Amino acid sequence: MASRSLAAATAAHGGARCGRHHVGWRALPNFAAPDWRREGAGGGRLRCVGVCLKPVEDDNLSPSAAPVPAPPSRLSADQAVEESRKWGRDSGLLPKPLSLSDLSVTEKGSKVRVAYQGLPGAFSEAAALKAYPQCEAVPCEQFEVAFKAVELWLVDKAVLPIENSMDGSIHRNYDLLLCHNLHIVGEVQLSVNHCLLALPGVKKDELTRVLSHPQALGQCGIALSKLGVIRESVDDTAGAAQLVALKGLRDAGAIASARAADIYGLNILEENVQAIDVPKNVLRCLVLAREPILPRTDRPFKTSIVFTLEEGPGVLFKALGVFALRKINLTKIESRPQRNNPLRVVDDVNHGTAKYFDYLFYIDFEASMAEPRAQSALSNLQEFATFLRVLGSYPMDTTL
């Protein structure tokens with residue numbers, strides 16, 4: 001067990017540098033916040049450099065709060081056609097997604113501003129509204145823009161997808177977590193209902209092609225194969241619905257949400273299109289903020305960390321063992337190659353020089369950093385980890 005206590009880590013966690021040897025933590029008041037670094041250029045034990053920042057409690061996050069506001073009532077065919085034309089005449093009726101060129105603009109408001117990737121009607125927008133029912137949802141063109149929007153105080157939070165029950169992890173966002181100075185303050189689990197949308201009056205057998213995000217097209221693969229249509233990829237599901245409406249594509253459908261159908265004046269030809277492939281489709285998103293929240297023990301918490309290890313037999317087994325010994329349940333294990341140092345050279349007298357990939361390990365476990373067992377586990381882990389960072393300790397979302 002390391003001599004340095006991790007009690008200071010009960011509050012949270014920080015640092016935002018891409019690289020192997022920097023680990024940032026933020027701590028409760030009256031504690032020194034440990035910033036773990038390797039001693040010496042050639043490796044060795046971790047040393048601590050203290051910085052103290054006050055954590056904040058996030059009272060706005062409410063995964064089990066009021067549901068997403070109901071979309072407008074369904075339109076008749078004639079009204080829907082008129083709505084579709086209206087979007088084509090005046091695209092300014094929808095909020096313009098933030099782009100990289102917008103990141104120098106600041107705007108203040110009384111509502112919580114929450115960034116998400118995509119256009120209005122995207123599933124990420126629904127996740128943002130589930131976490132913060134009264135928020136102002138701010139669309140962003142790319143994941144990177146959402147991260148930067150939070151860092152530059154353009155928005156208060158960001159809600160971004162991290163994994164899907166059908167397709168697994170969204171690796172780009174794992175990489176971005178390590179490269180930005182943001183903290184995980186919550187999670188949102190959203191049940192995904194892919195709908196087949198088309199212009200009013202268009203029937204399913206009239207479609208020759210279907211537009212959507214590549215992941216959505218893959219999740220609905222069996223149904224689309226039976227329909228015998230061409231699949232065309234676009235940037236996001238809501239963007240597919242908008243494109244069909246704006247261009248008046250009567251030969252094309254879109255895979256998107258029911259909310260997107262209402263926003264862009266389209267009809268729903270079929271719901272739960274992905275159900276033929278898999279009955280249940282769940283999207284898990286992370287809520288990101290500039291400051292960590294105060295870990296508690298009065299409700300279920302989850303903690304996310306990232307670390308690296310030296311090469312050697314049983315090293316990963318030892319790393320996972322620090323949690324098993326304390327009866328801490330792991331809910332997620334993900335590995336990503338280190339982009340700035342992808343290969344590790346190992347001398348072998350029998351076979352010359354071998355090269356191994358150098359990996360980052362991401363782990364989610366069911367415990368709050370306010371719990372002594374979590375502090376003890378990470379204290380044990382840092383004895384042989386070459387890099388360790390806590391990404392967040394946050395309330396679990398147990399609702400769908």
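Student: Which residues does glutamate 163 touch, not counting residues up to four places away in sequence?
Tutor: Glutamate 163 touches Gly168, Ser169, Ile170, Val282, Leu283, Arg284 and Lys332, where contact means heavy atoms within 4.5 Å. This is a predicted model, in which local features need pLDDT of at least 70 and side-chain atom pairs count only at pLDDT 80 or more, while totals for chains, interfaces and linings use all residues. Residues are numbered from 1 along each chain as its sequence is written, and side-chain values use heavy atoms, with hydrogens and water left out.

Student: Where is glutamate 163 placed, and is glutamate 163 buried or exposed?
Tutor: Glutamate 163 is in strand β7, residues 157–164. Strands (E, at least two residues) and helices (H or I, at least four) are DSSP runs numbered from the N terminus. Glutamate 163 is buried because its relative accessible area is 18%; buried means under 20%, exposed over 50%, and partly exposed in between, with a 1.4 Å probe and protein chains only.

Student: What joins the side chains of glutamate 163 and lysine 332?
Tutor: A polar contact of 3.2 Å. That term means a pair of N or O atoms within 3.5 Å; within protein, one must be able to donate a hydrogen and the other to accept it, and residues adjacent in sequence count only if both atoms are side-chain atoms.

Student: New topic. What is the strand order in the open sheet of 5 strands?
Tutor: The order is β12-β11-β13-β10-β14, with mixed pairing. Two strands pair if DSSP finds at least two bridges between them. The edge strands, β12 (230–233) and β14 (267–270), each pair on one side only.

Student: How do β10 and β13 pair?
Tutor: Strand β10 (residues 195–198) and strand β13 (residues 252–256) are antiparallel, over 3 bridges. Leucine 196 stands opposite isoleucine 255 in β13.

Student: Which helix lies across β10, β11 and β13?
Tutor: Helix α7, residues 237–247, which runs at about 150° to β13. Axes are lines fitted to C-alpha atoms, for helices over the stretch in contact, and angles run from 0 to 180 degrees between N-to-C directions.

Student: Last one. Where is lysine 327, and why does lysine 327 count as exposed?
Tutor: Lysine 327 lies in the loop between α9 (315–324) and β17 (330–337). Lysine 327 counts as exposed because its relative accessibility is 72%. Although lysine 327 is not a glycine, this residue has a positive phi of about 55°.
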